[in-house]
Amino acid sequence: MNTDNNQDLKEVEGLWLGTLEVQGGMEVRLLFNISSSPDGSVNATMDSLDQGVKGIPVETVTYKDSKLRLDVKSIRGSFEGTLKEDGKTIEGEWKQSGISLPLVLSRIDETPDTRREQDPVRPYPYDEEEVVYENEGAGVKLAGTLTLPRSEGPFPAVILISGSGQQNRDEELLGHRPFLVLSDYLTQRGIAVLRVDDRGTGGSTGDFSQATSEDFAEDVLAGIDYLKSRDEIDQTQIGLIGHSEGGLIAPIVAVESRDVAFIVLMAGPGITGEEILYLQSELISRAEGVDNETIARNNALMKSIYSVIKEEQNDEIAAEKLRKLMMDEMANMSEEEKQSAGYSEADLDAQIQSLLSPWMRNFLTYDPRPTLMKVKCPVLAINGEKDLQVPPEENLQAIEEALEAGGNQDYTVKELRGLNHLFQTSQTGSPSEYARIEETISPTALELIGDWISERTSATVEKQ
C-alpha cells in the first residue's frame, strides 16, 4: 500500500459509506474501510454493497490537510474528497473510466447488513456440500454448491444456469442472490440443486472473456456428468433452470444430451441477441424518460456498431471502425449526454474490446429458434410482464412457436403479471429498481416453478 503524508491518518480511519447515483437512476452504495497498523502501514478496501463485491483493494491512500484521496486501480476508480469539520462527512467526487460523479461519504460504526428478506438463514433444513468437478475438454474446473434434501433419495435434480456477465453461484447482483433463494426453495421441496460459479469466477477456473454461450453449455454438460456420478441423484430426472442467457443455454444442452429430463426458461431469449438489444435499449430508455430524438439516435448508432461487428471479422479493422463511429458520436454530445450514455474516451478501448468479444459476436447473431424446435423434453418458459431486458411478448411468442413447430408434446409458456427481468414484483420494470426492491424472487414465480417440476418428477416434499 502506497501512502503519502499520512501523519494525520487517524482522522479518517474507520468505515465510510456513500451512495453513487449512476446511469438510469440506479443507486450503488460504496463502503470504504481504512485502517493502519502499529508499524505505520495502511490497509484500505472498498465494497460495492449493491453489486455484492467485497474487499476490493485500495492501492493508494493519501491524506493531508483534510483532503483524502483513494485509488482503486483494479477498477480504474478513485475518490477525492474533503473531511468536514465535524469529522463525520467527506464530501468529494468519484471518478471511474473517465466519468465523474459526486460522492459524499459518511462515517458509520458497523458494516450495513446486506442480507435480503428472502435470503435463507443457516442452519438449513437440508444438506449443503461444496463440490468441484471438471470440464475436461476445456480444461476448466468448476466449483459450486450442491444442496440435497434430507428425505430418502434418490432425488430429482436441477442445475441452475446464470444470465450474461460473470456470475457467481448465487447469481449475485445488486444485493440480491436469486439462485441462493431459488435453490433453498426447491431443495425444501425435495429437489436437489447444483449451482455453480461461472468459469473464471469465484472458485471456478478458465477464461470467461473468451467464452461463448456454447462454451457455457459445455460447462453445464460437465455438471450433468457430475450429478450422474452421485448416488443421491435420480439419473432419469436431471433438469436445467436457465435465467436470461441461461435460458438460451439450456435448450442447447437439452438438444445435446439425452440426460436432460426437463428445462425451465426464466426470461430466456426466443429471438436473436441483436433484436433483443434494440428492444431492450428502447424500453429501458422510455422507462427512464429519455426523449424520442435521443432514442432514435441511440438506435441508429447501435445499428451501425452491430453492422461492423457482424460484417468485419478482423478484430483490428473492426476496432478502428468502431472507434471512429463512437468518436464521431461523442463529438456531437455534451458532457452531460456523454455521462448519461456511459461514454468516455478513457473507457473507449474497454467498450470496444467488450463489443468484439467472442461472446458478443456470437450473441448478436445466434437465433434460438432452430435449437428450440429440436427440444423434445418438457419445457416451462416464463417471463415477467414488466421485463424490459428480455421483453415477454416477442420472446415468449417466438419460444412457443418454435416448440410447437418442432412437435414438442409438453410445454408451458406463461407471462407473469407485474414481474420484472429478475422476477421481482415491480413498478416499471426498469433495472434502476432492482436494488431498491426488497423482494428477490416473487413467491408466485417460485411456486409455479416448484409445482411444474414436481408434476414431472418424484419430488413430492412440500415446502416447510
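Author: Let's start with helix H1 (residues 178–187), which lies across strand S12 (140–148), S13, strand S14 (192–196), S15 and strand S16 (260–266). H1 runs at about 165 degrees to S14, with angles going from 0 to 180 degrees between N-to-C directions and axes being lines fitted to C-alpha atoms, for helices over the stretch in contact. Helices (H or I, at least four residues) and strands (E, at least two) are DSSP runs, numbered from the N terminus.
Helix H12 (residues 443–456) packs on the sheet too, touching S13, S15, S16, strand S17 (379–384) and S18; contact means heavy atoms within 4.5 Å.

This is a predicted model, where local features need pLDDT of at least 70, side-chain atom pairs count only at pLDDT 80 or more, and totals for chains, interfaces and linings use all residues. Residues are numbered from 1 along each chain as its sequence is written, and side-chain values use heavy atoms, leaving out hydrogens and water.

Reader: What order do the strands of the open sheet have?

Author: In general, strands of a sheet pair through backbone hydrogen bonds, either parallel or antiparallel. Here, eight strands make an open sheet in the order S11-S12-S14-S13-S15-S16-S17-S18, with mixed pairing (DSSP must find at least two bridges between two strands). At the edges sit strand S11 (127–135) and strand S18 (411–416), each pairing on one side only.

Reader: And which residue in S15 is the bridge partner of alanine 157?

Author: That's isoleucine 238. Strand S13 (residues 155–161) and strand S15 (residues 233–243) pair in the parallel sense over six bridges.
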